[in-house]
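Dear colleague,

I am handing over the structure below, and my notes on the salt bridges and on the contact between the chains follow it.

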Amino acid sequence: MKRYVYINDDELSQDLYCDNRISNRKYTLLNFLPKNLWEQFSRFMNQYFLLIACLQLWPLITPVNPASTWGPLIFIFAVSATKEAWDDYNRYLSDKKANEKEVWVVRQGIKKHIQAQDICVGNVVWLRENEEVPCDLVLIGTSDPQGVCYVETAALDGETDLKTRVIPSACMGIDFELLHKMKGVIECPIPDRDIRRFDANLRLFPPFIDNDLCPLTIKNTILQSCYLRNTEWVCGVAVYTGNETKLGMSRGIPEPKLTAVDAMIDKLTGAIFVFQIVVVIVLGIAGNVWKDTEAVKQWYVLYPKEGPWYELLVIPLRFELLCSIMIPISIKVSLDLVKSLYAKFIDWDNQMIDQETSTRSHATNTAISEDLGQVEYILTDKTGTLTENRMIFRRCCIGGIFYGNESGDALKDVELLNAVSSGSSDVIRFVTVMAICNTVIPVKSKTGAISYKAQSQDEDALVQAAACLHMVFVNKNANTLEINFNASIIQYEVLDTLEFTSDRKRMSVVVKDCQNGKIFLLSKGADEAIIPYACAGQQTRTFTEAVDQYSQLGLRTLCLAWRELKEDEYQDWSLMFKEANSTLVDREWRLAEVCQRLEHDLEILGVTAIEDRLQDGVPETIETLRKAGINFWMLTGDKQNTAIQIALSCNFISPEPKGQLLLINGKTEDEVGRSLDRVLLTMRITTSEPKDVAFVIDGWALEIALKHYRKVFTELAILSRTALCCRVTPSQKAQLVEILKSCDYRTLAIGDGGNDVRMIQQADIGVGISGREGLQAARAADYSIGKFRFLKRLILVHGRYSYNRTAFLSQYSFYKSLLICFIQIFFSFISGVSGTSLFNSVSLMAYNVFYTSIPVLVSVLDKDLSEKTVMQHPQILFYCQAGRLLNPSTFAGWFGRSLFHAIVVFVISIHAYAYEKSEMEEVSMVALSGCIWLQAFVVTIETNSFTVLQHLAIWGNLAAFYIINWILSAVPASGLYTIMFRLCTQPSYWITMFLIVVTGMGPVLAIKYFRYTYRPSKINTLQQAERLGGPILSLGNIEPQPRSIEKDVSPLSITLPKNRNPVYEPLLSDSPNSTRKSFGSSTTFDFFPSQSRLSSSYSRNCKDN
Amino acid sequence: MDPNGGSSSAGAADGASDPAAARRRHSKKPKYSRFTQQELPACKPILTPGWVISSFIFVGIIFIPIGLASLFASERVVEIVHRYDKDCVPASYRNDMLAYIQSNETNKTCTRTFLVPKQMKSPVYIYYQLDNFYQNHRRYVKSRSDKQLRSRASENDTSSCDPEDVTANKSAIVPCGLIAWSLFNDTYGFSVNNTLLGVSKKNIAWKSDQQHKFGSDVYPKNFQSGGLIGGAKLNSSIPLSQQVDLIVWMRTAALPTFRKLYGKIEVDLEANSELTVVIENNYNTYSFGGKKKLVLSTTSWIGGKNDFLGIAYITLGGLSLFLAISFLLIYIIKPRPLGDPTFLSWNRNPAGHFN
């Protein structure tokens, strides 16, 4: 499928494609009500409530006024509909603003000022500096004589650096005036969402000379929502418009995520529903039996002899309506409300502001804060997440000589400086490659200082380092590079750029030395993408060693190489390259193939080592969270040794005797299988030991393991608390998340770059770090934080509190609904099982919506333990992880409590108000006020910390109950007229209330006290320790451990290069040696170690082959 | 009421002492407040033994006197309960009491005599007590029209009164509904030592009901005129607001055993004086085995005679004292330091494998 865009042809494409109207709206004015209602009623709870409400319209069976259900139902629907409408209205406003923005467009050969929404495909659009791009454009002209313009793509991919875009070669040099009249056709693919790819062709019509097919890439486009910078004007042809732009296509509403707590609440709701049905059936049968045996004798009820056909159903349905309050209608609203407040607390948290960039943490998804407290696995990216992604050039190895090993900084290494100044040819070439083999743009400020705009942090580091070594990259003018070396200007002409892709793992440039006309290929890339292509005869051993040594220090390595090209070789290749560049299908693959033809027989110049420093507080954060029982997996695209070193330095894995690393490797199915089995065996043995066992797997073996040994790998995943996955692709990251999720683990994925997006979206919770790799991950994530260390606070403080609060709130909601429902059920036994409601409609409605909701809403402020205590004892998170505060057994406790309280209220009310006082309205109000009093005290006893707001809500609510009822009692028309005044003047009413409270709360208090003191949970113990002001000592106090790679690993670097094994022994023990030691005495385990030893030696042999 | 609403005030109050005032320069950052940082000053009580034990002792100390006082008040109330439903049926009808009560020919008058056990200070309240009578039955309790009772204009508002809503020729019954229709119609005449006692019906109905719930312009109409006669008939020349027996009856009871005020005796009854009651035994409780009792009772600050509250209070007070003492004993015998960090399993097992 292709799209042909005719430039400046007003008739042709106008109706073919959509206009540039952007619409993010979900609803229109007309379909809002039906669509919104449909959406709301697709939820089971709402269907249930609607059914109940409809049943209540039948006066024969309704125990109360239908308003008692319709009122709250409509209220709840109105609230969520209003929220939706407001969101949609805001979307409409922002759309409108974008749609009505004025832009310059050529129409009938004349430049016109029109609204952005009227742009059609094929129109030529003119933009000025700092304007936003209204739709996807193919550039045809810029103010820059070289045809270059700069755009900021932050809104698209979050990357804040300036990107260069060039006009297609065919449009080069077309006169400014002629751009109006340009005609041509662009052949481009149908709209897709890939913002890194645009494989198209351009053919200009006469009189524009260039009648060739001109290839277009993403470099020739500027996409919607980007900003034009540093360029006076550009003009381009609209190719995709409206919702068909790259940005528009990638917009989408993500699937809502359901938290474990929500799932549990749904389960409990289901259980209550079943219970309710049972109650209804039992009472229904009892009611019909009573009617047939007793009620017929009671002449005053005047039952007709023959009832209608539905007679048998009437009583069960009445009970269904009476019991419908068992499932609290307010729970969803309350939960939504508190959840958005949890999210706000995260947004507001001053301790989670990244002071450097002053970015706040942000909860994009407001509904899943509880899940943060239940995380079991954290899958983390390395670069930019654990590390700062601030690259610093540290060491290098040029032609076999190591620089920077002593001082730890090659730029201060006197030998290197000397080598540069003495003009050693190897070193000069090396530095030249560092300076120009890249896509960096130098920007000269007015003061003359040069800053670099680089897409990759590594390139930035290399160019900066080269500048320090007197090779200053000063200017880039279209195809000409200028380098200032020792005060002399050297110019190179860039002939071609062979771009970096994650498959090729290298990039090259072909440059022509302007002085002598020689053509060079300069390459840099990962060692395995460069060293195998070394020219025959070159000793690569030292480079391999250098790479290994550096990666063990946790440094990122790049190999630099070059080759001189013959003129004709280049010309031949250049043709192929151009052809490959203009293919529409599989262009990337074709290009890679062509590049391969040039990138061989390289002369390797050396290895650079770049340090990516750990972020502040990473080791402590990981240690704390591991203590909290969270398992960590590191998924990185980096190589194994680098990953292991970083893992070591950030407490991810423990060094030998405490920790053990098991390697899973192999190139074939069999090898991987054996390796997996062996590791699994070791894991099973060591699970009983207090030892940190971790496995390491690389992308290749992972691919095989996922494909052929999914089951075994899954088992391994369950056993392993730690894992390092190196060289993994974004989709593999997502697959790993999927595996853990399939084992019912709560996973949290944290990352910062575009390659983490899939993992972040896949995981139960996605956390994005708004870092240097752009905001892409942060946008896709549920939470975005500025630094990795905030994760600790996010989980331990916000996650934990959210879980605790929701656990209380949801169970309490059921408690209070069950309480009043049980009273109704008991009352039915003394009212002839006829389904009379003890409470009047107003009370029932207000009970759920006002009287009992407000006190519990302030439980969002409750803190069982102070933040400090939680941070010191992260192990306490276990209660949340294991769901100790909300599960069927805690729920059973609440269920029992509501049953007990219902009995207390009911028995006391009917006995205290017996005989001459047994007036319906009075007994009803006595029972209701008993419930209100009890629930106030229940909230009180379950609250751990009282702020002013809590006191206000709990006691204010109690007062409000009386005030509301006094007001009702003053209205002559209400059924409650004078009732409350009568009751409040009776001493027996207050005595009864007092009795209800003490009888209801006494046992609760006694049991709670007993458990608190003699069977304390860990939370209780910590509460006691905290409140009594004693020392809250934990033996495992976490003191801040300032670490850096330098300090810890430096000593290793001197000893290591000499005696290196293929596997780094102290860490990676292939066989469970140390395990065997501890099991030495027991013979039963003998079988396993010997077998595993066998297999390990076998696998080693394989590797040597 | 709304946590957000409350917050703004709290935030503003705390804003002054804000240590991070400097940070506010940043326009991006919202104002620091203790609410947003979840740092509102909070009191965090814990269940210390002292606190719990003393609160139980406190409850015990408070409850027992209240219980005693209630019990004392209840004991002071003199109450005569006399069941007459069986005894007022002549011996010849004992086997078929239903026929006796439903027959129009039988003599329903019955005279009962009993002694006043203690002196009863005026006013002495006269109640009738019905047992096993479900005034709270759904079909019964809903069968009334408050609008009709309140005003003459809504005389025809009888939709909720089924099955006693309209007469055979479709004219509205006032008052309609089963409750009014089944109005209690036994009457009592009292004499002490052969002197007739006046029964005052003054203020036996709630004033609020007379003034606002039962209209002074609503007169009974078509009442008890159908084929099926329920209970008492009403004098159709007296407006509903003056029909105190009806008003009392219309205040439905929540329990199947209930007492309703019949009248008051405005003189003291001396101990051991002989009280004679002439009962018109009209009301049918025989079909469903309900009991009818005549109750004479004085009153106290706690109401009528009801030992429940007193006994409950004393029991509860005793129980809490008992609990307090047992907690105290346990605390003394087996003291347990609160918040001992050695209880934390991860402190015992430093490896951090926490189960």
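A salt bridge is taken here as a side-chain nitrogen of Lys or Arg within 4 Å of a carboxyl oxygen of Asp or Glu, and please bear in mind that the model is a predicted one. A:E388 and A:R613 form such a bridge, with their closest N and O atoms 3.6 Å apart. Because A:E388 lies in strand β16 of chain A and A:R613 in strand β26 of chain A, the pair ties together parts that are 225 residues apart in sequence. A:E388 counts as buried at 13% relative accessibility, whereas A:R613 is partly exposed at 38%.

Turning to the interface, chain A and chain B bury about 9,400 Å² between them, 67% of it on carbon and sulfur atoms, and the contact takes 112 residues from chain A and 99 residues from chain B. Three salt bridges are found across this interface; A:E1026 forms a salt bridge with B:K44, their closest N and O atoms being 3.6 Å apart.

Best regards

Terms used: Residues numbered from 1 in each chain as written. Chains lettered and ligands numbered in written order. Predicted model: local features only at pLDDT ≥ 70, side-chain atom pairs only at ≥ 80, totals over all residues. Heavy atoms only, no water. Contact = heavy atoms within 4.5 Å. Buried area = accessible area lost by both parts, 1.4 Å probe. Helix = DSSP H or I, 4+ residues; strand = E, 2+ residues; numbered from the N terminus. Buried < 20%, exposed > 50% of the residue type's maximum accessible area, 1.4 Å probe, protein only.
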